[in-house]
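Look at the structure first, then read on.

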Amino acid sequence: MTERDRAAPGDGLAPASTALPGGAGPLETLAGPPRSQWLNVWDRFRRHKGAMTGAAIFALVVLAVFAGPLLWPPDATLIDIRARNTRALTACFSEGEPWGWEGPAAAMSRFFAHIGAVAQCFANPETASARISWAHPLGTDQLGRDILARMLMGGRISVSVGIAAMLLALGLGSAIGVVAGFFRRLDGPLMRLTDLFLALPLLPLLLVMMLLFREPLSGAFGPERGIFILIVCAIGVTSWMPTARIVRADVLALKEREFMLAARSIGTSDSRMITRHILPNVLSPIMVSATLGIATAIITESALSFLGLGFPPDFPTWGRLLFDATDYLQQYPERVIWPGLAISLTVLSVNYLGDGLRDALDPRGGGR
Amino acid sequence: MLTFTIRRLVLAVPTLLFISLVIFLLLELAPGDPMAQVPLTVPPEVKERMREALGLGQPMHIRFWKWLVQFFWIEPQVLADHIFGTSFSAGDLRVISWQTRSPVMDTVIERLPQTLWVVGTAYLAGILIALPIGIYSAYRQYSWFDQIGTFVSMVGFSVPPFFSGVLVIVIFSVNLGWFPSIYDTTLKVTDWDSFLRQLQQMVLPVSVLALQVTAQISRFMRASMLDNLNQDYVRTARAKGLGEYCVVMVHVLRNSMIPVVTVIALGVPAIFGGAIITEQVFKVNGIGHLLIGAIQANDLPMVQTLTFIFAVLIVLFNLIADIAYGLLDPRIRYD
Amino acid sequence: MKTTTLLLGAVASIALAPEAMAERGSDGHVNIIYWQAPSILNAYLSSGTKDLESASLVVEPLGRYDPDGALVPYLAERIPTVENGGVAPDLMSITWTLKPGLLWSDGSPVTSADVKFTADYCMHPEGGCAQLAKFEGVTGVEIIDDLSVKVSFAEPRPNPYGPFMGAQSPIIQRAQFESCTGTRAPECTDANFAPIGTGPFVVDEFRPNDVITMSANPNYRDPAKPAFASLTFKGGGDAAAAGRAVLETGEFDYAWNLQLAPDVLARMAAGGKGKPVAAFGSLVERIEMNLTDPSPDLPPDIRATASAPHPVLSDMRVRQALSMAIDRDLLVEIGYGQAGRPTCNLVPAPAVYASDNTDCMRQDIEGARALLEQAGWSDTDGDGVRDKDGKTLSLLFQTSTNAVRQDFQALIKQWWSEIGVQTELRNINASVFFGGDPGSPDTFQKFYADVEMYANNFDGTDPESYLAQHSCDKAPRPETQWQGENINRYCDPEYDGLLAELGRTGELSRRGEIARQLNDMLTKSYVVVPLVDRGRVSAHANSLGGVVLNTWDSELWNAADWYRVK
C-alpha cells in the first residue's frame, strides 16, 4: 500500500519532507542494488516487540477460535441440564479455609492447607464444595451449555464479524475521506453525505436494512452466510463516518504541505499522489480507527443479536455471552470474565499490531 | 473564512431539510407500530381507532408537511412566547409525542439538565484527561506510562458500558454503599449539601462514560503526536534552540490537533444525544433514554424531532471543526 | 368453628389497631420503582401497565378486583348484582351508586355527572380511547340522581362489569376534562399529566417517562390514610436494576415485576433488605401452532392464510408429539421459579373457569416419537431428522427478544431434536413482533413461522372475550390488514357455536362449564400449547408494610393501606 519511506528515483526530485531525513531508506538505496522498501518495513516490523507480541496473540486468538473446536469437540448449543451452573476450574482457588493473619505459623499452615485444598480440587474436582468438573473447564451456563465450547464458537463469529465490519468501515471511511479531502469539488457533497449518515437513527436504519435485505440475502447466500453479510454491512455502513471525517481532515492539511506541491509540480498523477503520498501519511489515524472499530463492531454485533436483528438466538457470540452473564455477575463472576477477556485481548493485540505497523512504516521513527 | 462560513450556513438549510426528509422516510419504512406496547388484551379494532386518533390514517406527505410546519413555524413561536410573553402560538398544535400526548419539545427541555450534567461532565472530563495522557504517551512512546495507558484505555474501550456500569454498581453501591445506584432526577441543587449529593450520584455514570471518551481521544492524540514528533520542523525548532516544552506543547501539539478536533467535534452532538446504555444502567433518564424509548414505542414525532435536532448539531459542529482546521493550520483554505 | 372465627376476628382487630390509630402522612416518604417509566396518567389514552398502575394511585374506579379476583366496591357503595337489584334481571343494564360524601382532591364533590362524563369521554368517536373495549355494547349512561347512574347495554350482558371496574376504567373529573374530549384529548397535557382524582395521592410533578412525585390527597375519604405524606414513582432501567435497588441497596421500597432468572432473584433476596412477593393471574406463556402454511414460496395473498393448510402442523398427532416432548416443570424451574407453575390450560384462573386438563404435564419423549412414527414421519436417511415423502420435519420457531424466552427456545429446540424434529430459532425485537405493522413480515399476527411463543392474559376475571379470540372470523389475513387475534387461524364451527352459547348464558356455573369446554377444545387439540402459568413477582422493602400483591387489578390497588414498619 505504501512506499512512503523511499523517494522513488524515477521521480527525479525527492519530495522534501518524506525522503530527505536521515532514515534508512535513501541511504540503502545509495548503498547497493535497490532494496525493496517492503523488506525494510518488514525488518522494522519484525524487530518491533509490541508488534510481534500483538501478532502472536492475535494469531493465537484466531487459531483458537477457528481450530479450537477440533481440539475441544463438545457442541456449543448442546444442553446438559444436569450440569447447569457448573463453576469454572478457577473456582478451585476459593476452596479451603479463607486466609487470615493469626501469627506467622498459623498463617503458614493455613497457606499450605489452602494449597492442598486447591490441588485436591484440581485433581479431583468432584470432591469440591462447588460444582466443578474437568468436563467443563470454563464452567457451564444456566442451561448447562459448555462455556469453553461457546467461547470458541462465539469467537469465530465475533472475530470474523469484528474484522470484516472494521475493514469495510475503514475502507469506506478512508476512501471517502481521501477523495473528499483531495478533490475539492467532491468535498462538499461527500461531507454532506457523511452528515446525513451521522444523523440517521441507527436502530430504525438497521430494522429497515433487515426488512429489505434479509430474505434476498439468505436466498442468495444461505441463511447463515446471508445474515453474516448483512450484519457486516449493517455495522460497516453505519460506522465509517468518523474515519472519513478524520482522514479528510488530515488530507486537507497534508495537501498544503511542500512535498505535495513538489510532487504535483513534477506532474504526478492524482492516483499516484493518493497512493504514494497521501495514504501512507494518514495511516496512523486509520490504525487507531481500526483498533477502536474492532471493539465497537464486536459490541455492536451483540447489541444487534440482542435486538433480534442478528444471528439466531442460540448462536453464541462474545458480546452476547458477556451480556447474558452480566445478570450473574455476583454468583458466577467467571462467566463475564471469559468473554470480557477475549474481547479485550483481541482488541489489545490489534492495537499493538497497528502500533507496530505504524512504526514500521515510519522511516524516521526507527529506533524505538 | 467568513464567506466560507456564511456559504456553508446557507447551504446547511437545504441539507438539513433533505436530512429531515430522509429520516422521515426511514422511520416510515421501518417496521413497527405505535401500538406495539399496548397489551394484547386490547382488541385490534380499538387499536385501529387509536392509530387514527394519532393521525396515522393520513397520507405520508401530509404528515411530513405537518411536522415541518409544527417544527419550523409553531415551535419557534412557542419559544418566542415563552421568552417575550407574547401569544403567537395560542391554539396552534405543536409537535405532539404519541406516547405522552404532550409537546415533544417540553420533554426534551426537561431532559436537558440531567443529560448535560452527566454526559457533558463526562465528555469534558474525558477530554481533559485524554489530552495530557495522549501527549505524554506519544512523547515517551513505549515508556511504562505509555504501556499502562494503552492497556487501560484499550481494555476500557473493549468493555461495554452494559457490563462496566453494572460492575461499578455492584462494587460501589451494593457492596460498599458509597454511591446511589439510581440517579435522582428530581434533585435540585440549592445548597452545598444538595450539591454534594448531586456529585455523589454523578460519580459512577460519569466515570463509566469518561473511560470510553478518554480511551478514544487519547489514542487519536497519541497517534497524531507520534506522526508529528518526527517531522523536520520539530528538528528545526529544536535546532533553533527552542525549549522542549515550547516545541512539544506549541508546535507539535498545534499540528497534531487536527484529527483530535475532528473526533471531539464528532462527539459533541453525542453529548446532547446522551448515552443510551449508560443512562439506562444508572436510570439517568436523559435524552438518550428518551430516544431509545421513543424508538421502541414507535413514537415517530418524538424520534423525528430528536434525530433532527441531532442532525442540526452534527452539521453545526462539523462546520465548527472545519473552521478550526483553518485556524490550526492556516494553509488549509476552502475557497 | 364459631370460636375460631371469633378468635380470628380478634387477632385481626389487634393487628389492625396500630394502623387505625395512624394519621395521614405520619410515615414520611415512600419510593416505588417501575423499570418501565409511565408516559401519561390518563388511562383512556394509554393502556400500558406502567401508565395504568401509576395512575391508579391518583384516580379510582367504582370497583376493583381483589387478589382473589372478587369484586370490591371503591367509589361505589356496593357492587351491583342481580340479587341486590343493581343489575336488571334481563341483564340489559346495571345501576351504580356512589358512596355519599366523596370529594375530588381539589375539594369539589364527586357526582354521577362525573361518571357519565367518563363514559362519554371514552366513547367519543374521535378520541381514540384505549379502553373502548370496556365500553363495547354500551348504549347509554343515564344519570338517575346525584349519586347513581344506569349503564344500558345493547344486548344482555352476563358480565356487566366492563365500564368503571378495575384500573383500566377509572372515573375522571368532568370539570377538568370537559374541554378535552375527542381530537382535543392530546392538547390537555396538564390534565393528562396530573389528573384530579379520588385516590390516596395527588400528583405534584410529572416528568413523562422518568419520574412522578406525589403527595397525600388531603381530601381522601379515609382521614387516617394514606400513611405516607409523599411518594416518588421512578421509572426506567431494567428488572435487575430495580430488584437491586429494593433488595440489595435498599434505595427503594417497592419494585414492580421482577422478571429475573430465579437464582438471580434468590441471590438478590439474600441481600436481606426486602422480600419478593408472588401472585398468580391469568397470564399464560404458550406456544401457538400455525395451522396455515407460512412458506415463502407461496404468493403473498395465500401465504399463511386458511387457503393453504400447514403441511406438517395440520396433523394433530404432530402437534401433540411436540407438546409431549416438553418438560414444563423444568421450564418453570429455569425461567420463573416461584413466579411460575406448569399448566396445560389457556384459562388457568379463576377457579370456576379453570379446566382440570393436566394431560401435558408429564414429558414423554418415547410417546412423542411413537406418535410421529404413527403420523408417518420417520428418519429414513438416518440423519437424525424425521422425514416423510422427501420432506424433512423442520420448523421455524420465533418469539420476541427476552432472555427467558431465548432460554426456553434453546431448551425446546433440544427436546424437539430428541424426537427427530429440526428447529430453526428466530427472535424478533418486541416492538416489531407485537406491533401490527402489516408491512413487516415479523409480526406475531402475520405468523410467517411454524410455531411461536408469547404470553397473553385477559382483563378482569371473565374469559369470554379472551376465548372469543379463537373464532373463525378473527383470523389475521390480508383482507383485515393482518389484524386479528386468532393467531393460529383455528376455525371450528362447533367452537364458534359454543362461544355464542357462552355469550347468552348468565348463570356462573354454566358459564364456567362452557369456558372449560372451549379451553379444552383448544388445548387438547394442541393448537395452543400452554407452557407456564406466569405469576407476577414484585418486591418490597422489609420496612414497607401492607403490601398485598394483586394481579387482577393494579398492583398498587391498596397503596392507601401501605405503612412504614417501625
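A:Arg335 touches A:Asn85, A:Thr140, A:Asp141, A:Gln142, A:Ile147, A:Ala325 and A:Tyr328, leaving out residues up to four places away in sequence. Contact here means heavy atoms within 4.5 Å. A:Arg335 sits in helix α15 (residues 333-361) of chain A; helices are DSSP runs of H or I, at least four residues, numbered from the N terminus. This is a predicted model: local features need pLDDT of at least 70, side-chain atom pairs count only at pLDDT 80 or more, and totals for chains, interfaces and linings use all residues. Residues are numbered from 1 along each chain as its sequence is written, chains are lettered from A in the order in which they are written, and side-chain values use heavy atoms, without hydrogens and water.

A:Arg335 is buried but has no salt bridge. Buried means under 20% relative accessible area (1.4 Å probe, protein chains only). A salt bridge needs a side-chain nitrogen of Lys or Arg within 4 Å of a carboxyl oxygen of Asp or Glu.

Now the interface. The contact takes 61 residues from chain B and 60 residues from chain A. Five salt bridges cross between chain B and chain A. One of them joins the side chains of B:Asp322 and A:Arg248 (3.0 Å, N to O).

Note on methods. Helix = DSSP H or I, 4+ residues; strand = E, 2+ residues; numbered from the N terminus. Buried < 20%, exposed > 50% of the residue type's maximum accessible area, 1.4 Å probe, protein only. Lys, Arg positive; Asp, Glu negative; His and termini not counted.
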